[in-house]
Amino acid sequence: MREYAAATGVRGDASEAEGGPLVAPPAFAACFTVGRGEAMFSDPELGAHPNLVHGSQEYEFHRPIRVGDAVVCTPRIADIKTKGGMEFLTLEIACADAATDDPVVTSRGTIIFFAQGE
Amino acid sequence: MPRFEDTNIGDQIPVQTETLDQARLIVYAGASGDFNPLHWQEDFAAQVSPTGGIIAHGMLNMGIVSRVVTDWAGGPENVLKLSCNFRAPCPVGAAVSFGGEVLALDENEHTATLAVWAELEDGAKVVDRRASRAVVRLT
């Protein structure tokens, strides 16, 4: 989380000064959801390839994310469509508290795949 | 954190401008785990990039949007929703300006909905304000 804060220019956190566990920057959710894209690339039937760009990303926070949290992330394909030779894949990832199963954050991201050269 | 009573539709988040050079993209790749070579390898980028060159991670731009909104909101716990529509590619080395504007206020929830954005010097919309939003809890 400190590396992420440095990379995005975040300076300090009031929760740290108060001695509580650090609250994550909101978009830090990228690091445990879309960050590595393992789920997308680990499914051979999906046919994901690296000729892609990130079209859009949305996070809905059900509670703050803190240092020490354990979350279980469950990805699902929310939508796939083809338009003008490009394929649009929308992944929804529900992240829940590992101990209580309460929702923490919901991620919805659309990845645009360009046509692969033969 | 802005008070609900003192917040008005049309209020602006102070604009912050940053240059996203190659070192910054590499630091972000390491922090986020997104090692797509589009963000650091020229040969690969030449084949697949919409600009023909290396471009910044959309999520690095979203991370800076997140920071700018968090600063305005008085802390990350006050940011309830954040969405970014990545429109124009952001070439490595570009100076990017980040900002936001209050679009709506909810009296029952004491929240503000903001349009958020990231733009290049030529006005290209890296994060397009027309489809990028933050929902912030106010006191």
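A polar contact is a pair of N or O atoms within 3.5 Å; within protein, one must be able to donate a hydrogen and the other to accept it. I wrote that down before opening the model, which is a predicted one.

**Entry 1**

I began with chain A. I found three helices and four strands in chain A. I then read along the sequence and noted the pattern α-α-α-β-β-β-β. Next I looked up burial. Of the 118 residues in chain A, 42% are buried. I also looked at contacts in chain A with a separation of 6 or more. Residues 24 or more positions apart account for 61% of them.

**Entry 1: where the chains meet**

I looked up the area next. The size of an interface is often given as the accessible area lost when the parts come together. Here chain A and chain B bury about 2,400 Å² between them. Carbon and sulfur atoms hold 62% of that area.

**Entry 2: polar links across the contact**

I used my opening definition here. Seven residue pairs are in polar contact between chain B and chain A, with both residues at pLDDT 80 or more. I turned to the side of chain B that touches chain A.

A:Arg11 and B:Asp71 form it through their side chains, at 4.0 Å from N to O.

**Entry 3: strands across the contact**

I followed strand 1 (residues 52-61) of chain A. This strand pairs with strand 2 of chain B. The sense is antiparallel, and I noted five bridges. I picked out A:Ser56 and looked for its opposite number. That is B:Asn85, in strand 2 of chain B.

**Entry 4: one serine in chain B**

I ended on B:Ser49. I found B:Ser49 in the loop between helix 2 and helix 3 of chain B. Is B:Ser49 buried or exposed? B:Ser49 counts as buried because its relative accessibility is 10%, and the cut-off for buried is under 20%. A polar atom of the B:Ser49 side chain lies 2.6 Å from the backbone oxygen of B:Gly53. Leaving out residues up to four places away in sequence, I saw B:Ser49 touch B:Leu38 and B:Ile55.

Technical notes: Residues are numbered from 1 along each chain as its sequence is written. Chains are lettered from A and ligands numbered from 1 in the order in which they are written. This is a predicted model: local features need pLDDT of at least 70, side-chain atom pairs count only at pLDDT 80 or more; totals for chains, interfaces and linings use all residues. Side-chain values use heavy atoms; hydrogens and water are left out. Buried area is the accessible area (1.4 Å probe) that two parts lose on being put together, summed over both. Two strands pair if DSSP finds at least two bridges between them. Helices (H or I, at least four residues) and strands (E, at least two) are DSSP runs, numbered from the N terminus. Buried means under 20% relative accessible area, exposed over 50%, partly exposed in between (1.4 Å probe, protein chains only). Contact means heavy atoms within 4.5 Å.
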